[in-house]
Amino acid sequence: MVFTRTCEATRFLALVLRNLGFRAIPISGQRLTKRLGSLNKFKAGECNILICTDVASRGLDIPSVDMVINYDIPTNSKDYIHRVGRTARAGRSGVAISLVNQYELEWYLQIEKLIGKKLPEFEAQEEEVYLLSERVSEAKRISIHKIKEEGGNKRRRSGDDGEEEIQKYIGSNKNGKSSKKTNRK
């Protein structure tokens, strides 16, 4: 499971991951029927990555989650506990990884304070990042184009080309995130 802060981000990230060859599906608080359909596809194994907002951190019956990735750090520290609690259910072990940028550091420090321990940092290998960045950039470009295409008719009527909404998806603050890794047992 990959947690983002907004419904728009779930859709964008799912598109990017699909363009990279992953089987990802978004789930958010919008449209109950789509939410149930996405959840069923994830449970059935049709999609092995569920991109979600905090709507999926509580109250959903998802028995087996091996990994939780906090793509966006939650603004409320307790939401972090619910998110990472999706792993390690019924005695299983799991991994939680948080991607942290300079704008989210304060929220991350609040999480460490709440859980009473410092989370280990994982240094990304610069060479690996550079090797993958071109593929990821191309997947983002294709995803942005698809979102603009799909939303174009509504926006043209209102005189908006959708550029502001696209910037919410890709936010420049995602560049250069460092990741921190938390092992759950």
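This is a predicted model: local features need pLDDT of at least 70, side-chain atom pairs count only at pLDDT 80 or more; totals for chains, interfaces and linings use all residues.
**Entry 1**

I looked up R141 and found its side chain in a salt bridge with E138, the closest N and O atoms being 2.7 Å apart. I counted as a salt bridge a side-chain nitrogen of Lys or Arg within 4 Å of a carboxyl oxygen of Asp or Glu. Residues are numbered from 1 along each chain as its sequence is written, and side-chain values use heavy atoms, with hydrogens and water left out.

R141 and E138 are three residues apart in helix 5, which means that about one helical turn separates them. I took helices (H or I, at least four residues) and strands (E, at least two) as DSSP runs, numbered from the N terminus. An α-helix has 3.6 residues a turn, so residues three or four places apart point the same way. R141 is partly exposed at 47% relative accessibility, and E138 is partly exposed at 35%. For these classes I used under 20% relative accessible area for buried, over 50% for exposed and the range in between for partly exposed (1.4 Å probe, protein chains only).

I then noted K146 and E150, whose side chains meet in a salt bridge at 3.9 Å, N to O. This pair is four residues apart in helix 5, again about one helical turn. K146 has a relative accessible area of 37% and E150 one of 44%. R11 joins K146 and E150 in a network of salt bridges. The count comes to five salt bridges.

**Entry 2: R83 and helix 3**

Which parts of the chain does the pair R83 and D54 link? The two side chains form a salt bridge of 2.6 Å, N to O. R83 lies in helix 3 and D54 in the loop between strand 3 (49-52) and strand 4 (67-70), 29 residues apart, so the pair links distant parts of the chain. R83 is buried, with a relative accessible area of 1%, whereas D54 is partly exposed at 27%.

I listed the buried residues of helix 3 (residues 77-84) as S77, D79, Y80, R83 and V84. Seen down the helix axis, they fall within an arc of 150 degrees, so they line one face of helix 3. The arc is that of the directions from the helix axis to the C-beta atoms. At the start of helix 3, a side-chain oxygen of N76 reaches to within 2.9 Å of the backbone nitrogen of K78.

**Entry 3: helix 4**

In helix 4 (residues 105-115) I found Y108, I111 and E112 buried. Their arc about the axis is within 95 degrees, so these residues line one face of helix 4. The face turned away from the buried side carries the exposed residues E106 and K113. Just after helix 4, G116 takes a positive phi of about 75 degrees.

**Entry 4: T10**

T10, in helix 1 (residues 7-19), is buried, with a relative accessible area of 1%. Not counting residues up to four places away in sequence, T10 touches T4, P26, I27, S28, I51, C52 and T53, where contact means heavy atoms within 4.5 Å.

**Entry 5: the whole chain**

I recorded six helices and seven strands, running β-α-β-α-β-β-α-β-α-β-α-α-β from the N terminus. Of the 185 residues, 39% count as buried.

Notes
A polar contact is a pair of N or O atoms within 3.5 Å; within protein, one must be able to donate a hydrogen and the other to accept it, and residues adjacent in sequence count only if both atoms are side-chain atoms.
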